[in-house]
Amino acid sequence: MQVNDAYFRNRNERAEYAASVATQHINSLNALEKPLMVLWDVQKYETGTMAHWVSKIKREVFLLNQMHDEENVEFEVSILDWRAIDNANFLKNMSELHRYTHGKVANAYTAYDGTEGSLLISLVNDAFYELVLSNKKVPETKDEYEQRRRHISNAITYLKEMNRPMLFYFNLMQYSERVMNEWSELLVSELKMLASLQRSDKERFKSLR
């Protein structure tokens with residue numbers, strides 16, 4: 001809207017401004033990947049619906065890329081691969097932990113939304129997204145393996161940081177023993193699986209250059 005309405009002294013100035021705006025907005029559209037994946041997992045969106053959303057974003061990125069003569073800004077938004085999630089235990093369990101945490105926080109007292117609740121949501125979202133990124137591509141080079149390792153390590157850090165706010169939540173909400181055990185088991189199991197994954201990855205990708 002600003003590109004259409006703003007005043008420019010000449011065509012070059014308008015073109016330069018349009019190009020900078022286009023790049024800025026493509027980056028903003030690419031940044032939708034994480035919140036969309038969070039929404040899609042929590043709500044268990046069907047593949048076709050996710051693909052429809054992504055096609056709309058991809059079309060907009062294509063149009064924005066036409067606003068400058070430089071190399072196109074890469075489109076980065078992708079959908080959740082439910083088959084890949086179901087076939088990888090660490091992703092399947094993480095998806096369950098992700099939805100379980102959202103469900104508990106959504107149904108908790110609103111007075112806790114700005115404290116432990118928001119922290120739990122932020123941490124579990126970050127951990128889920130990091131693991132999705134780690135599984136996007138099987139590493140074919142040492143650099144790609146290192147990138148995967150960093151994503152998994154980041155997820156482990158976020159999950160470990162969930163422990164304290166979860167304990168606070170247990171006390172604040174006075175959950176039953178069943179709920180506390182279910183939630184804790186999902187978290188503990190995920191940490192164990194990721195530690196094992198790191199070890200197996202090290203052996204699996206050790207020969208990459």
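**Reading a helix and a core**

Modeller: Let's start with His151, which lies in helix 8. Keep in mind that this is a predicted model.

Biologist: Happy to! Does His151 count as buried or exposed, and why?

Modeller: Buried means under 20% relative accessible area. His151 has 16% relative accessibility, so it counts as buried.

Biologist: Which residues does His151 touch, beyond those up to four places away in sequence?

Modeller: Those are Glu130, Leu133 and Ser134. With Glu130 there is also a side-chain polar contact of 2.6 Å.

Biologist: Which residues of helix 8 are buried?

Modeller: First, the general idea: an α-helix has 3.6 residues a turn, so residues three or four places apart point the same way. In helix 8, the buried ones are Tyr145, Arg148, His151, Ile152, Ala155, Ile156 and Leu159. They cover an arc of only 140 degrees around the axis, which puts them on the same side of the helix. Asp143 and Lys160, on the other side, are exposed.

Biologist: And which residues touch the most other members of the largest nonpolar core?

Modeller: In soluble globular proteins, nonpolar side chains tend to be buried together. Here the largest nonpolar core has 49 residues, and Leu80, Trp183 and Leu194 touch the most other members. Helix 7 (residues 113–134) gives the largest share of this core, 9 residues. Leaving aside neighbours within four places in sequence, the contacts of Trp183 include Leu97, Leu120, Met166 and Phe170.

Methods:
Residues numbered from 1 in each chain as written. Predicted model: local features only at pLDDT ≥ 70, side-chain atom pairs only at ≥ 80, totals over all residues. Heavy atoms only, no water. Core = buried A, V, L, I, M, F, W, Y, C linked by side-chain atoms within 4.5 Å. Buried < 20%, exposed > 50% of the residue type's maximum accessible area, 1.4 Å probe, protein only. Helix = DSSP H or I, 4+ residues; strand = E, 2+ residues; numbered from the N terminus. Contact = heavy atoms within 4.5 Å. Arc of directions from axis to C-beta. Polar contact = N/O pair within 3.5 Å; in protein donor to acceptor, adjacent residues only side chain to side chain.
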